[in-house]
Amino acid sequence: MEIATKTVGEITIVELSGDIDANTAPKVQELVLSLAQSGSKLLLNMTEVPYMSSAGLRSLLALYRQATIKQCKLVLIGLSPEIQDTMSVTGFLQFFTVMDSEDQGIAALNN
Amino acid sequence: MNLQRIDIHPTDTSPDGKYLLRRGHPLPFGATIEPGGVNFSVYSSYCTSCTLVLFEKRAAEPIAEIPFPDAYRIGNTYSMIVFGLDYENIEYGYRMDGPNDFQQGHWFDQSKVLLDPYARIISGRDTWGKQPNWDDIYQHRSRLSFDDFDWEEDRPLEIPHEDCIIYEMHVRSFTKHESSGIKENWKGTFAGIREKIPYLKELGVNSVELMPIYEFDEFENSRTSPITGETLYNYWGYSTVGFFAPKAGYAATGKLGMQVDEVKNLVKELHKHGIEVILDVVFNHTAEGNEHGPTISFRGLDNKTYYMLTPEGYFFNFSGCGNTLNCNNPVVRNMVLDCLRYWASEYHIDGFRFDLASILGRDPLGYPLANPPLLEQLAFDPILARCKLIAEAWDAGGLYQVGSFPAYGRWAEWNGKYRDCMRKFIKGDRGTAGEMAQRLQGSPDLYASSGRAPATSINFITAHDGFTLMDMVSYDQKHNQANGENGNDGSDDNDSWNCGWEGETDDWGINALRHRQIKNAIALLLVSQGVPMILMGDEMGRTQYGNNNTYCHDNDLNWLDWNLKEKNPDIFNFVKQVIAFRHAHPVLRNHSHFRNCDYVGSGYADISWHGTKAWNADWSEDNQVLAFMLCGKHAKEGTVQDNYIYIAVNMHWDALWFELPNVSGLNWHVFANTGNGANPCFTPGAEPKLENQQGILLGDRSVLILVGK
């Protein structure tokens, strides 16, 4: 799991590469939560994430909720059709704000 | 300060030095993920030792075999915590050692790796119909599952039983057909059902009964069709491999092992739309068959405990499927209870329908018990307290208990007598009118004297066993050659009539009669007291081309063809309207039996019987006519006000004049008249007034439903 970050205005874009599963999820959680401060805006770019396991979905949701509690706004982009399907079928999709592109994601965060 | 438990550090190492261990907890049974490790717990009354076998996902050979130290054993329970497992990527099983003595009923065999009976995810048949690797020493593998799921505000709906309208559905059959319009990888799955929730709402049913969803092996008894060369499968699934796991091959996410979340999410969505979920459960036998069948789990763990055995050690076969689960053995009883509690609490299931339930009332040697401990236990369990418990009140060993199933005031029954009587009357048999009167009232002859409510009676005319409704009016005989059993399978007592031609025909008159008979059946089913059950596809005229036992077909004999909705719009519309009518009229859904008198002071009895003459029913042997009126002021024992409803049935081959009972202050309006080809029914609430309030000429083989306003 590789994690890269860049900033666009007040938004931090986090680019994840690799599977998110029981082994890699803790690293993702640790990094993203360290960036999540009150008032911060995070865009999680999942384009290079080919697969999320059950543990991966759960830790993504946990991290999403913890960020929200810390008053951070979080948006996901780049979910592959397969992952979106899986998240929809298992009931996870509804909990996230998901956009189709970086621009849309940035617009959503700036609202 | 977050307190950590003081008992989660390892204390021992496995003999191969690879894994850290600790004494485990006997409860809960099965495998549970804990901080840092996994707790495994399994029991056996007769084994002498037990070993945990670990595999990497799909690997041919185990990566580790860890014997349970005897020091960890409590009673007959073997439990152990293993640390450092890659819990998303391992599969586990057990090897049991013990006596191997046929006559004593012991089948311990260390060479077999056994499935955990409490496994919550089972892999090995992750994709439906994909050829398994037959060399695999461990075919059905236990996997670890997460328990958590965000139900938000969801809980079982607790719809009053008499208000339920049940739709019996096969998960794969419902959306597998091309015409379902579902995304390809969702066809034939739990996700597919979710996509069709708008359809179920349009139809108006509020309860779906899913044919078995516990993991089963579609390749059990798989063979080739002698007619088409296609593979025949164990398609219906009445043969359980594991009682705590949903079938992976029914899940769109089965390949990813996410079927637990998929099923829970389906239940949550159905609940959100006011639809209950009933599971068809098969505790009468398992997939291990008789002495020639495979050893998957129970046989190798504790054969003598789990199966009813003859004194010589052979398997009793009250199920007709090779073995019989020893349900009243206390160990097995507890497993059945654990299973149902698990599905009720963790999956929010609203009810259970027990296949061949009479087996659950037999003792270990097969004798019927007067007070079967298992049935009593289920009836009084606190977690199951509001679940519907429905028994198919017979078995394949000669017990037929419709009306006498040990109920403890809780169990409902598939009323086979309702089905038989309705079919006979509808096809015009004489001598059935008297029994019809009982069946229409919720069968008080069977249930009232023991204090059981009308909702005890699950009324059905069709179910997965037997003809579809379209076939019941299109075939006199079964046509089961395609099953490859020389037509020896399937019932011969179909009480069906083909309306003049066997099978498909272009004859307009015959087809019109068939459609009318279907509407007659649906109308009677939905105005009867009790709980109606509709077979998937009957609302569209689904046909199995006369095959009344399609248990082995993975093709369009079973798959619902959604084009039928356009092909038979009159049937769909009629069923939909009659369902809406039932929902609109509580007088059709009483909580208690009729008292046959006026107990609210309306001037009319709660139910009165008529014939072609008002207030004069004809109960003679030859009679093919029946009519009754429900007093709206007696609806739900007088607790709600409803319209008066009059229903007349003419199963004679000629039209007959029915004199209508007069209720002062009310005019009759026509909700349905199946004899009116152009307008067999109207929208509930918008029924047109009958021109002649004195009487009506009701066509041959027709049902009339009037509403008093």
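What order do the 5 strands of the open sheet of chain B have, and is their pairing parallel or antiparallel?

Mentor: This is a predicted model, in which local features need pLDDT of at least 70, side-chain atom pairs count only at pLDDT 80 or more, and totals for chains, interfaces and linings use all residues. Residues are numbered from 1 along each chain as its sequence is written, while chains are lettered from A and ligands numbered from 1 in the order in which they are written.

The order of the 5 strands in the open sheet of chain B is S6-S5-S8-S12-S11, and the pairing is antiparallel. Two strands pair here if DSSP finds at least two bridges between them. The strand names come from DSSP runs, numbered from the N terminus: strands are E runs of at least two residues, and helices are H or I runs of at least four. At the edges of the sheet are strand S6 (64–67) and strand S11 (121–123) of chain B, each of which pairs on one side only. On average, neighbouring strands of the sheet are turned by 35° against each other, direction ignored. Axes are lines fitted to C-alpha atoms, for helices over the stretch in contact, and angles run from 0 to 180 degrees between N-to-C directions.

Within the sheet, strand S5 (residues 49–56) of chain B is joined to strand S8 (residues 90–97) of chain B by 8 bridges, and the two run antiparallel. One residue pair to inspect is B:Cys50, whose bridge partner in S8(B) is B:Met96.

Chain B also contains a closed barrel of 8 strands, S13-S14-S19-S20-S21-S22-S23-S24, with parallel pairing.

Next come the helix pairs of chain B. Two packed helices are described by the angle between their axes and the distance between the axes. For helix H6 (residues 330–346) and helix H7 (residues 373–380) of chain B, the angle is about 25° and the axes are 10 Å apart. H6(B) and H7(B) are therefore roughly parallel; angles under 35 degrees count as roughly parallel, over 145 as roughly antiparallel, 65 to 115 as roughly perpendicular and the rest as oblique. Their crossing is right-handed: a crossing is left-handed if the near helix is turned anticlockwise from the far one by less than a right angle, and right-handed if clockwise. B:Arg333, B:Val336, B:Leu337 and B:Leu340 in H6(B) touch B:Pro373, B:Leu374, B:Gln377 and B:Leu378 in H7(B), where contact is defined by C-beta atoms, placed from the backbone, within 7 Å. By class, the contact of H6(B) with H7(B) has 6 nonpolar, 1 polar and 1 charged residues. Ala, Val, Leu, Ile, Met, Phe, Trp, Tyr, Cys and Pro count as nonpolar, Asp, Glu, Lys and Arg as charged, and the others, Gly among them, as polar.

Helix H12 (residues 508–527) and helix H14 (residues 569–584) of chain B pack at an angle of about 15°, with axes 10 Å apart. This makes H12(B) roughly parallel to H14(B). H12(B) passes H14(B) in a right-handed crossing. The contact of H12(B) with H14(B) includes B:Ile518 and B:Ile522 from H12(B), and B:Phe574 and B:Val578 from H14(B). Its residues divide into 9 nonpolar, 1 polar and 3 charged.

Two backbone details deserve a check. Most residues other than glycine have a negative phi, and most peptide bonds are trans. In chain B, the peptide bond from B:Leu27 to B:Pro28 is cis, with omega near 0°, and B:Pro28 lies in the loop between strand S2 (20–23) and strand S3 (30–34) of chain B. In chain A, A:Gln71 is not a glycine but has a positive phi of about 65°.

Chain B also touches chain A: the contact takes 15 residues from chain B and 10 residues from chain A. On the side of chain B, helix H4 (residues 259–272) gives the most, with 4 residues. That side has 6 nonpolar, 3 polar and 6 charged residues.

As for confidence, the mean pLDDT of chain B is 96, and 100% of its residues reach 70 or more; pLDDT is the predictor's confidence in each residue, from 0 to 100. For the complex, the predictor gives an ipTM of 0.96 and a pTM of 0.97.

Methods
Contact = placed C-beta atoms within 7 Å.
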